[in-house]
Amino acid sequence: MIEVLSAPAHVAAFRLAGTVSEDDYEELVREVETKLQTRERIGIYVDATDFERITLSALRKRLQYGAKNWKRRGRFQRAALVTNKRWMSSLARVADRIVPQIRARSFDAEDSDAAMRWAAVGD
């Protein structure tokens, strides 16, 4: 499940819980694209504290969206990931290193407010 969260106008914010399906991921993409229609650059905030898994079809959509939008990666200024899972924190560190156009950082669940503030910082 994906829940769209309240956030500043230049931040796309989501809570992932349980299983993320293809329909869920398509909702996330719609929200991101809506934000990008009104802003040149946006931040991303994802609370994945209760995330358990992603379906294969949703993962495929995620990879397709990333590949299709590779040239637009500079429009995403920061990505804040709230998680209590070490493997997800590790993915954020790797993403921060391999995609220099997007700053990525993970936060513990108790630091979710700081994560939202960090995602909202512009250049």
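Modeller: The dialogue below treats salt bridges, then the pocket.

Modeller: This is a predicted model, in which local features need pLDDT of at least 70 and side-chain atom pairs count only at pLDDT 80 or more, while totals for chains, interfaces and linings use all residues. Residues are numbered from 1 along each chain as its sequence is written, and side-chain values use heavy atoms, with hydrogens and water left out.

Colleague: How many salt bridges does a search of the whole structure find?

Modeller: Side chains of opposite charge can pair when their charged atoms come close. A salt bridge is counted when a side-chain nitrogen of Lys or Arg lies within 4 Å of a carboxyl oxygen of Asp or Glu. The search of the whole structure finds five. One of them joins E3 and R15, whose closest N and O atoms are 2.9 Å apart. This pair links distant parts of the chain, with E3 in strand β1 (residues 2-4) and R15 in strand β2 (residues 11-20), twelve residues apart. Helices (H or I, at least four residues) and strands (E, at least two) are DSSP runs, numbered from the N terminus.

Colleague: With which residue does D47 form a salt bridge, and is D47 buried or exposed?

Modeller: Buried means under 20% relative accessible area, exposed over 50%, and partly exposed in between (1.4 Å probe, protein chains only). D47 meets R15 in a salt bridge at 3.7 Å, N to O. D47 lies in strand β3 (residues 42-54) and R15 in strand β2, so the pair ties together parts that are 32 residues apart in sequence. D47 counts as buried at 11%, whereas R15 is partly exposed at 29% and E3 is partly exposed at 33%. Salt bridges that share partners join E3, R15 and D47 into one network.

Colleague: What is the volume of the largest pocket, and which element gives the most to its lining?

Modeller: On a 1 Å grid over the protein atoms alone, a pocket is an open set of points where a 1.4 Å probe fits, with protein on both sides within 12 Å along at least five of seven lines; lining residues have an atom within 4 Å of a point. Grid points are joined across faces, edges and corners, and a volume is the space filled by probe spheres set on the points. Here the largest pocket has a volume of about 1,400 Å³. Of its 37 lining residues, the closest to the centre are Y25, V46, R62, A79 and A95. Helix α3 gives the most to the lining, with eight residues.
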